[in-house]
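Subject: Structure handover

Hello,

Here is the structure I said I would pass on. My notes on it follow below.

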Amino acid sequence: MEKIRYTLCMVAMFALGLFATGCSEDDGYNADTAVSYYTPENYSKMVETITTVVTDAAGKEYVWMYEFLYDAKNRIKQINGTMKYYYSGQLCNSTSVAKYIYNKASLKVEYTKEDVYPNKPAWDMISKGTYRGAFNANGTLANFDTFDCEYNGLLFKKAYQDGGREFALDYDRFNNLVRTYQVEGIEPMEGTMKEYIYSPYVNKTNFDFASFFGYNIAERLIPSNASTNYAIFQLGAFGMFGSRSTHLPEGTWEFDSDGSPTKYTLNAATSRTTNIRYKK
C-alpha cells in the first residue's frame, strides 16, 4: 500500500510539473558563489531554529521544528523540518528538506517530505516537488508558482493567481501587514479576509515572524504551504516580497539581552508556544 501511495503521489507531481528528478540540472551548484538579484538585508541576529509546541485538550503534543541554514551571503539555503502531529487520530512523524537554488533572476525551491505513521505503516508516504519563481531587478519576487506580484515601491500590494483571482494586502504607517483579502475572482476563497494586530516591539532579527505565522496571503496560495504550521519552506520570512513588517505580531514575547525575541505566546489562553534560537 505504501508503494502504491508513493507512486500515485509521484504521478500527480509529474503531471503538475513539480517532480524533481534525481539527476538535477543544478548538479555542481555552489550556494556560496551563486549570483542572485535577491540580496537579504544584513542583521546581526540570524534565526537558526524555530520550535512551536501545542498541547491539545486530550494532552496530545504537537511539535513543529524548523532549522534554517544560510549561505555565505546570508541568503536562506536550506530549511530542515521535523514535525510531530496527529492525523485522523494517528501519530505522524514528519521530516522535510527544502533547498533554495539561486541563479540571477531565477529562484527554485526543491523539497522532499516524508510522513511516517508508527502505528499505521500503510499510510507512510514520501512526496517531492519543485517550485519556481523570478526576482525583479530590485530583488523582490516578480512571480512564484501560480501567482504574479505587484508592488508599490518595495511594498507587496497585490497577488494575481492563475484562474483570475486577485488578492490585496494593506499596511499601516509602519509597513506592518494589517489586512489581506480577495479582490476579484470567481469562487472567493473561504476565509481570505484577515486582519492582524501588532505588538509595540520592533523586530531586530533577519526573520519576518508575521510572514512565518501566515499573515502573507500569497504564501498560502502555494499548495505545499497552504497550512501555516505544515509549511515546508518560507519566502516572505526572508524578505523576498520586499519590505517586511516593522513590528512583531501581537502576543506575549520574551527577549534576550540584545532585545531579540526568544519566546512567543499568542495569548495566555492557548497552549501554543514558539521558541527562537539564533546562530552564534
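Strand E10 (165-171) and helix H2 each supply at least two residues of the lining of the largest cavity. Please keep in mind that this is a predicted model.

The cavity. The structure holds one cavity of 30 Å³ or more. The largest cavity has a volume of about 120 Å³. Its lining is made up of 16 residues, and those nearest the centre are Asp208, Ser211, Asn216, Ser243 and Arg244. By type, the lining residues are seven nonpolar, seven polar and two charged.

Gln234. This residue sits in the loop that runs between helix H2 (209-212) and strand E14 (247-249). Is Gln234 buried or exposed? Gln234 has a relative accessible area of 2%, and the cut-off for buried is under 20%, so Gln234 counts as buried. Leaving out residues up to four places away in sequence, Gln234 touches Ile79, Tyr100, Ser211, Phe212, Glu219 and Asn225. One of these contacts, Ser211, is also among the residues nearest the centre of the largest cavity.

The core. The largest nonpolar core has 60 residues, and the members that touch the most others are Phe68, Tyr100, Leu107, Phe144, Phe233, Leu235 and Met240. Strand E2 (residues 61-70) gives the most to this core, with five residues. Phe233, again not counting residues up to four places away in sequence, touches Ile79, Ala98, Tyr100, Val109, Tyr131, Phe144, Glu219, Ile222 and Asn225. Ile79, Tyr100, Glu219 and Asn225 are touched by Phe233 and also by Gln234.

Regards

Technical notes:
Residues are numbered from 1 along each chain as its sequence is written. This is a predicted model: local features need pLDDT of at least 70, side-chain atom pairs count only at pLDDT 80 or more; totals for chains, interfaces and linings use all residues. Side-chain values use heavy atoms; hydrogens and water are left out. Helices (H or I, at least four residues) and strands (E, at least two) are DSSP runs, numbered from the N terminus. Buried means under 20% relative accessible area, exposed over 50%, partly exposed in between (1.4 Å probe, protein chains only). Contact means heavy atoms within 4.5 Å. On a 1 Å grid over the protein atoms alone, a cavity is a set of points where a 1.4 Å probe fits but cannot get out, and a pocket is an open set with protein on both sides within 12 Å along at least five of seven lines; lining residues have an atom within 4 Å of a point. Grid points are joined across faces, edges and corners, and a volume is the space filled by probe spheres set on the points. Ala, Val, Leu, Ile, Met, Phe, Trp, Tyr, Cys and Pro count as nonpolar, Asp, Glu, Lys and Arg as charged, and the others, Gly among them, as polar. A nonpolar core is a set of buried Ala, Val, Leu, Ile, Met, Phe, Trp, Tyr and Cys residues joined through side-chain atoms within 4.5 Å.
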